[in-house]
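Reader: I have a structure to go through with you. Could you take my questions one at a time?
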Amino acid sequence: MTEVYNDQYYMSRALKLAARGLWTTDPNPRVGCVIVRDGEIVGEGWHEFAGEPHAEINALQMAKEKAQGATCYVTLEPCCHYGRTPPCTDALIRAGITRVVASTTDPNPIVAKKGLEQLMKAGITVSSGILGAETEQLNPGFFMRMRHNRPYVRSKLAMSLDGRTAMASGESQWITSQEARRDVQALRARSSAVMTGAGTILSDDPRLTVRETELPPFMFMPKRIRQPLRVIMDAHLSTPPDAKVLQEPGNTVIYTVSLNETIRHMLEKAGATVVVLCAVNGELDLHAVCASLANDYHVNELLLETGSTLSGAMLRAQLIDEMVIYVAPLLMGNKARGLFNLPQLERLNQHIPLNITEIRAIGRDWRITAQPVYG
Ligand code: AOF
Ligand code: ZN
């Protein structure tokens with residue numbers, strides 16, 4: 001019994017360490033590790049940047065010879081492959097670790113339980129499944145991409161108390177306060193990519209970047225800021241080559257079904273990568289775009305920041321996993337637009353139910369986090 005209690009205690013410490021990598025580990029998962037010998041924490045580590053040492057390696061480095069005979073608590077099954085870095089299993093065996101407790105197995109097919117098997121073969125006692133839900137919650141995108149070949153999609157929305165998001169003219173910027181906009185910077189910082197539609201590029205000309213000076217305080221400020229990939233859904237290639245997104249640091253990919261080579265070359269010259277997909281009824285196939293983002297760009301968490309047309313289409317395609325809705329204390333009236341364009345909903349029994357998972361105040365606004373329940 002005490003062992004179970006201790007295992008939970010050390011694993012929750014490992015989870016706290018893992019969370020330090022919230023803004024940086026992409027496309028890798030956020031992973032933390034604690035090494036314990038005789039009831040004393042002798043090593044702690046977490047994964048910070050892809051290409052840099054994994055959590056276990058950092059913890060072993062701190063523990064040094066004290067790792068001999070110790071237990072390793074790690075939030076993800078140790079890897080057994082040569083990726084950007086050598087296998088963690090070898091390092092744990094070499095260091096003389098005698099017990100490994102993993103929060104979850106690694107959903108990455110090149111690891112998937114093979115890491116734990118290798119440790120077992122080396123005579124190490126292994127177990128997994130402690131605080132597994134918490135580990136998955138910290139890495140929704142990594143688990144989604146590995147299991148379902150698509151990113152975890154988070155839709156960021158801002159609305160008035162009467163549920164309106166933009167005036168009929170499309171005018172929509174600055175509904176929410178500065179605090180809410182800072183909070184959105186944190187959403188961008190944790191995302192692999194930020195997606196918008198060509199309509200939003202034309203009406204708002206957003207930058208879609210993370211600005212270090214505008215980020216809210218974070219428990220562990222990273223040594224460098226990573227820019228999420230910017231993704232523009234532009235079926236007919238109407239993005240202007242002088243759009244702000246194309247001038248900013250970081251990369252922009254434009255998905256289109258247009259075969260117009262002249263415009264494509266102009267956009268490529270302006271720095272964009274243009275991906276031409278097969279049209280479905282003259283439009284982009286949203287599922288194909290999500291599969292491409294997972295496979296070709298390793299996108300774990302995708303932040304959708306766009307108007308009601310694309311948001312509505314993504315919702316109808318059942319591709320939105322989470323909504324983060326900022327509610328501003330104002331009324332916008334009858335002429336303003338709703339959050340999602342959902343013309344097929346005519347009767348109350350066709351409604352899309354939501355599970356609200358959190359409500360909190362952000363400055364003078366309210367932030368509601370909800371998950372759609374698809375029938
Ligand atoms: C671990 N500990 O801290 C992390 C792991 O290219 P690499 O070498 O960085 O390997 C990336 C893969 O390793 C990643 O897809 C996931 O399966 C695993 N991540 N494993 O043992 C860690 N971040
Ligand atoms: Zn590893």
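Predicted model: local features only at pLDDT ≥ 70, side-chain atom pairs only at ≥ 80, totals over all residues.

Reader: Which positions does UniProt list as "binding site"?
Author: The unreviewed UniProt entry lists His54, Cys79 and Cys88 under that name. They are spread over 35 residues of sequence yet cluster in space, with a largest C-alpha distance of 9.0 Å.

Reader: And where does His54 lie?
Author: His54 is in the loop that runs between E2 and H2. Helix H2, residues 55-63, lies across E1, E2 and E3 and runs at about 140 degrees to E2.

Reader: In what order do the strands of the five-stranded sheet come?
Author: The order is E2-E1-E3-E4-E5, in an open sheet with mixed pairing. From one strand to the next, the twist averages 15 degrees.

Reader: Why is one side of E2 and of E5 left without a neighbour in the sheet?
Author: Strand E2 (40-46) and strand E5 (125-128) stand at the edges and each has a single partner strand, so one side of each has no neighbour in the sheet.

Reader: Are E1 and E3 parallel or antiparallel?
Author: Strand E1 (residues 32-37) and strand E3 (residues 71-76) pair in the antiparallel sense, over four bridges. Ile35 stands opposite Cys72 in E3.

Reader: Changing topic, what does the domain assignment give for the chain?
Author: It gives domain 1 (7-137) and domain 2 (149-372). Their centres, taken over C-alpha atoms, are separated by 34 Å. Six residues from domain 1 and ten residues from domain 2 make up the contact. On the side of domain 1 that touches domain 2, three residues are nonpolar, one is polar and two are charged.

Reader: What is the strand order in the sheet of nine strands?
Author: That open sheet, with mixed pairing, has the order E10-E9-E8-E7-E11-E6-E12-E14-E13. Its edge strands are strand E10 (273-276) and strand E13 (354-362), each pairing on one side only. Neighbouring strands are turned by 20 degrees against each other on average, direction ignored.

Reader: How many bridges join E6 to E12?
Author: Seven bridges join strand E6 (residues 152-160) to strand E12 (residues 322-328), and the two run parallel. Ala158 has Tyr326 in E12 as its bridge partner.

Reader: Which strands does H10 touch?
Author: Helix H10 (residues 286-297) packs on the sheet and touches E7, E8, E9, E10 and E11. Its direction makes about 155 degrees with that of E8.

Definitions and conventions:
Residues numbered from 1 in each chain as written. Chains lettered and ligands numbered in written order. Domains from an automatic or database assignment. Contact = placed C-beta atoms within 7 Å. Nonpolar A, V, L, I, M, F, W, Y, C, P; charged D, E, K, R; others polar. Pairing = 2+ DSSP bridges. Axes fitted to C-alpha atoms, helices over the stretch in contact; angles between N-to-C directions. UniProt positions renumbered as here; feature names shortened; annotations may be inferred.
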